[in-house]
Amino acid sequence: MTQDVGGWFRTAVDGAVALPNTAAWGPGTGDFGRTSHDDDLAAAAELFRGRPTMVLTGAGMSTASGLPDYRGRDAVPRSPMMYQEFVGSDLSRRRYWARSTVGWRSFAAARPNPAHHLLAELGQLTPLTGIVTQNVDGLHQAAGSRPVVDLHGALSRVICLECDHLFDRELLQSQFLALNPRFAEHLEQLAADASQAPDGDAEVDRTHDFVYPNCPICGGMLKPDVVFFGENAHREVVEEAHRILTHSDALLVLGSSLTVMSGLRFARRAAREGRDVIIVNDGVTRGDDVATLRLHGRLEPILRRWVSMLSAS
């Protein structure tokens, strides 16, 4: 997709706007490559074993599915398009949809990786109250996890900002290509260039003449059904995520740097209310100071070890 999705989200907190530093969304710093000892993995398993636990996931969950993250060691610096820029500028929408058209193929081809499947299996071994994900790829659902709250929406949907009608993004792809034969002609090469970008964040030149459709029902503006930077998450979605945390004794954070407040708020609330907070990430996170136990490493081997531990007990 384009640079408007993935890690550049925030929501209002207590009526205030909490924006991360967006000067350079690129490689994070510190603690990459560390691996926690097996004793620490066992200690973490004891913290959530048999206890209602909410799971909060970030971009690190999907890197093995071919969807690069935004804050990992190999992340490419990006500058986010603001929600106000998208809705207020025809040229910005042309750029967005052009890049989306190029990046869609690789994004739509992504499938759940072993970490997604292992997390679904973990939910059969210990009571996970729900998965709250900052990702917009739908891979938790595809792997069989239930329930899943898409905190930032889903790229598989497009919404009309006038009539609220939802459309299938895959069905719109053929319209984009029909309206823009130059892009269709060179799509293979453009898609190859975009394949290593987060959420298909394709770098595409000369987008000023890209043609995009309006809503076929009311003629309104179409927008991906995801939360852009500078836009609030849907209140009912945030409330559902908080309800899951309310019914949980612990919070397990997987693959998120917690850079933005929309995810960090749950770690802070959990710690404030006396819940155990277990954070697993390759690299530092903004929530390290509230973690009951902080683990380092890749998600697949850690989740595989937990499934083994809980299966044996």
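Helices α3 and α6 lie oblique to each other, the word covering angles that are not under 35 degrees (roughly parallel), over 145 (roughly antiparallel) or 65 to 115 (roughly perpendicular). The model is a predicted one, in which local features need pLDDT of at least 70 and side-chain atom pairs count only at pLDDT 80 or more, while totals for chains, interfaces and linings use all residues. Residues are numbered from 1 along each chain as its sequence is written, and side-chain values use heavy atoms, with hydrogens and water left out.

In general, two packed helices are described by the angle between their axes and the distance between the axes. For α3 (residues 90-108) and α6 (residues 169-179), the axes cross at roughly 130° and come within 10 Å. Here an axis is a line fitted to C-alpha atoms, for helices over the stretch in contact, and angles run from 0 to 180 degrees between N-to-C directions. The crossing of α3 with α6 is left-handed; that is the case if the near helix is turned anticlockwise from the far one by less than a right angle, and a crossing is right-handed if the turn is clockwise. On the α3 side, the contact is made by W97, S100, T101, W104 and A108, and on the α6 side by R169, E170, Q173, F176 and L177, where contact means heavy atoms within 4.5 Å. By type, these residues divide into 5 nonpolar, 3 polar and 2 charged. Ala, Val, Leu, Ile, Met, Phe, Trp, Tyr, Cys and Pro count as nonpolar, Asp, Glu, Lys and Arg as charged, and the others, Gly among them, as polar.

A step back gives the wider setting. The protein has 11 helices and 9 strands, taken as DSSP runs numbered from the N terminus (H or I of at least four residues for helices, E of at least two for strands). Of its 313 residues, 54% count as buried, a label for under 20% relative accessible area, with exposed meaning over 50% and partly exposed in between (1.4 Å probe, protein chains only). Among contacts with a separation of 6 or more, 79% come from residues 24 or more positions apart.

The next helix pair is α4 and α11. The axes of α4 and α11 (residues 299-312) cross at roughly 25° and come within 9 Å, and the two helices are therefore roughly parallel. Their crossing is left-handed. From α4, P114, A115, L118, L119, E121 and L122 meet L299, E300, L303, R304, W306, V307 and L310 of α11. This contact divides into 10 nonpolar residues, no polar ones and 3 charged ones. One of the α4 residues, E121, lies in the helix spanning residues 114-122 and is partly exposed, with a relative accessible area of 38%. Between E121 and V307 there are 186 residues in sequence, yet their C-alpha atoms are 7.2 Å apart in space.

A further pair brings together α9 (residues 235-246) and α10 (residues 261-272), which pack at an angle of about 30° with axes 11 Å apart. That angle makes α9 roughly parallel to α10. This crossing is right-handed. V238, A241, H242, L245 and T246 of α9 touch R265, F266, R269 and A270 of α10, a set with 5 nonpolar, 2 polar and 2 charged residues.

Most of α10 is covered, 9 of its 12 residues being buried, among them M261, G263, L264 and F266. The cover over these buried residues includes β1 (53-57), α9, β7 (250-254) and β8 (276-280). Just after α10, G274 takes a positive phi of about 85°.

The loops hold some backbone details as well. L258, in the loop between β7 and α10, has a positive phi near 55° although it is a residue other than glycine, and L258 is buried, with a relative accessible area of 0%. D164, also not a glycine, has a positive phi of about 65°. D164 sits in the loop between β4 (153-160) and β5 (166-168) and is exposed, at a relative accessible area of 53%. Finally, R146 and P147 are joined by a cis peptide bond, with omega about -10°; P147 belongs to the loop between α5 (139-143) and β3 (148-150).
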